[in-house]
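Biologist: Please pick a single part of this model and take me through it closely. Start with the setting, then go down to individual residues and what surrounds them.

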Protein chains: 2
Amino acid sequence: MPRTPLSRERILSKAMEMADAEGLSALSMRKVAAQLDVEAMSLYNHVKNKGDMIDGITDLVAGEITLPTPDFDWKGEMRARSQSAHRVLMRHPWAVSVFVESGLPGPNMMTYLDASLGCLMAVGFTPVQADLARNTIDNHIYGFTRQQLARPRRARDFKRVAKAEAKAIPKDSYPALHRRSLALADTTAEEREDFDFGLTLILDGLEALL
Amino acid sequence: MPRTPLSRERILSKAMEMADAEGLSALSMRKVAAQLDVEAMSLYNHVKNKGDMIDGITDLVAGEITLPTPDFDWKGEMRARSQSAHRVLMRHPWAVSVFVESGLPGPNMMTYLDASLGCLMAVGFTPVQADLARNTIDNHIYGFTRQQLARPRRARDFKRVAKAEAKAIPKDSYPALHRRSLALADTTAEEREDFDFGLTLILDGLEALL
DNA sequence: TACAAAAACTTACGACGTAAGCACATCAGA
DNA sequence: TCTGATGTGCTTACGTCGTAAGTTTTTGTA
C-alpha cells in the first residue's frame with residue numbers, strides 16, 4: 001500500500017505540532033518519525049540533523065509574526081508587531097527559549113529583524129540606536145512572554161497558585177516577596193498581564209532620544 | 001590512600017567550575033563524577049538528581065549578586081544591582097538561561113527577589129507595580145547579557161565578525177539588517193555594550209509612575 | 001571489637017542522536 | 001524490455017545520557 005512520501009514540510013509540520021503540544025524536550029527524532037509512521041533515520045534524508053529540524057520550525061514561527069512597516073507612527077507599528085510577536089510566542093511556548101539563543105537566524109527571522117530595524121531607522125534612529133532599541137524591545141517581549149507562560153492562564157487557577165505561593169514563602173525571611181504574592185492573588189488578568197506596561201516605558205523612552 | 005570525602009559543596013563547586021568552563025550542555029553526572037575521581041552514582045548520595053545539582057549551582061550564582069537596599073536613591077540602588085547581576089552573569093554564561101526558566105527559586109534567589117521588590121515598594125510602588133517593574137528590569141538584564149555573551153569580547157574579533165556578518169547578509173533582501181551590521185563594525189565597545197541605554201529607559205519610565 | 005548507618009561502587013535499563021551500510025523503488029537511456 | 005543510477009527508507013550499531021536497584025566498602029559509635 002502506497003504511503004504519502006516524506007518531505008521536509010511534512011516533517012517540520014509534524015514536529016511543530018508535537019512541540020506545541022508537549023514542549024521541546026519531548027521532541028526526539030525517534031518520536032517525530034514514529035508519528036509519521038517512519039523510522040528515525042529516514043528523517044535524515046530531508047533534514048540535516050535535529051538542530052536543523054528545530055531551526056526549521058523556529059523559522060516557521062518567525063514567519064507568523066506581523067511585520068512593522070516604515071511609518072510616521074513608528075510607535076504604533078512597533079507596538080503592533082510586539083503584540084503580534086507576543087501572541088505568536090504564546091501559541092508556541094517552546095519557541096521563546098529557542099528564539100532567544102538562536103545563532104544564525106533563518107530567512108523569516110531575518111525578514112522580521114530587517115523590518116523592525118528598517119522601521120526604526122526610517123524615523124531617524126541611527127543604525128546603532130535602532131539595534132539597541134530593537135534588542136531592548138525584544139528582550140521585553142521574550143521575558144514577558146516567558147513569565148506569562150509560567151503562570152496558570154485561567155483566573156481561578158492563577159489565584160489558587162498565587163495564594164499557595166504566598167503561603168509557602170516565609171513572611172519573616174522574605175516580607176516583600178510574600179506581600180507581592182498576596183497582592184498578585186487579588187489582581188485581575190488585565191492588571192497582571194500588562195504587556196504594555198513595560199513596552200510603553202521603553203517606547204516612550206526611545207521617543208525622547210529622537 | 002585516603003580520599004577527601006564527597007560532599008554537596010564539593011560537588012556543586014566542581015560542577016560550577018565545569019559549567020563555567022564548558023557550558024551547561026557539557027555537564028553530565030558522569031563527567032562531574034569523573035572530575036571528582038568518583039563514580040556517577042555516588043553523587044546521588046549528596047544530590048537528589050541532576051536538576052537538583054543545577055538548581056544548586058544556580059543559587060550559588062544568585063548569591064553573588066549585590067543586593068539593593070531600601071534607599072531614597074532607589075534608581076541608583078536598582079542600577080547598581082542590575083550592573084552587579086550583569087557582571088555576575090557574564091562570569092557564569094550558562095546561568096542566564098537557567099535563571100530565566102527556573103521554576104522554584106533557591107534561597108539566594110529569593111533573597112535577591114525580596115531585596116529588589118522591597119527596594120521598589122519602599123519608595124512607593126505598589127506590590128503589583130514593583131513586580132512588573134522588577135520583571136521589566138530583569139528581562140533587560142537577561143536579554144542584554146545573553147546578547148553580549150553571543151558576541152566576541154575582544155574588539156578586534158568583534159569587528160571581524162561584524163564585517164563577515166555584513167558580507168553574509170544580502171544587501172538587497174535585508175537592507176536595514178545589512179546597514180546595521182556595517183555600522184556595528186565601526187562602533188567602540190562603549191557604544192555597543194551600552195547596558196545603561198535600555199536600563200535608563202526603564203528606570204526613567206518607572207520614575208514617571210511615582 | 002561489633003554493628004549499624006552512610007557512602008561509594010557495580011550493573012543494568014531504556015532513552016537519545018546519528019554513522020554506516022543495505023534494500024527497494026523510481027526513472028532514464030539503451 | 002533491460003540496465004544502471006539515484007534517491008528514499010530501513011536495519012543495525014555505537015557511544016552517550018540519567019538513574020533505579022542491589023552490593024560492597026568505609027566510617028562513626030557503642
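Modeller: In this predicted model, 51% of the 210 residues of chain A count as buried. The part I have picked is a buried residue of the other chain, B:T187, but the setting comes first.

Chain A has 11 helices and 0 strands, so its pattern along the sequence is α-α-α-α-α-α-α-α-α-α-α. Its C-alpha atoms fill a box of roughly 65 × 50 × 25 Å along the principal axes. Of the contacts in chain A with a separation of 6 or more, 70% are between residues 24 or more positions apart. The chain exposes about 10,400 Å², and carbon and sulfur atoms supply 53% of that area. Its side chains include 27 positive and 28 negative ones, with the centres of the two sets 8 Å apart.

Chain B is laid on chain A by a turn of 180° with a shift of 0.0 Å along the axis, at an RMSD of 0.0 Å. This is the relation of a two-fold axis. The interface residues of chain B are, to 100%, also interface residues in chain A, so the two copies meet through the same surface.

Now to the part itself. A polar atom of the B:T187 side chain lies 2.6 Å from the backbone oxygen of B:L184. Leaving out residues up to four places away in sequence, B:T187 touches B:F158 and B:R192 in its own chain and A:V128 in chain A.

A:D37 lies in the loop between α2 (29-35) and α3 (50-62) of chain A, and B:D37 lies in the loop between α2 (29-35) and α3 (50-62) of chain B. The backbone is worth a look here: phi of A:D37 is near 55°, a positive value in a residue other than glycine. B:D37 likewise has a positive phi, of about 55°, and is not a glycine.

Conventions
Residues numbered from 1 in each chain as written. Chains lettered and ligands numbered in written order. Predicted model: local features only at pLDDT ≥ 70, side-chain atom pairs only at ≥ 80, totals over all residues. Heavy atoms only, no water. Helix = DSSP H or I, 4+ residues; strand = E, 2+ residues; numbered from the N terminus. Buried < 20%, exposed > 50% of the residue type's maximum accessible area, 1.4 Å probe, protein only. Contact = heavy atoms within 4.5 Å. Areas by Shrake-Rupley, 256 points an atom, 1.4 Å probe, with all protein chains shown as cover. Lys, Arg positive; Asp, Glu negative; His and termini not counted. Charge placed at Lys NZ, Arg CZ, Asp CG, Glu CD. Least-squares fit on C-alpha atoms with pLDDT ≥ 70 in both. Polar contact = N/O pair within 3.5 Å; in protein donor to acceptor, adjacent residues only side chain to side chain.
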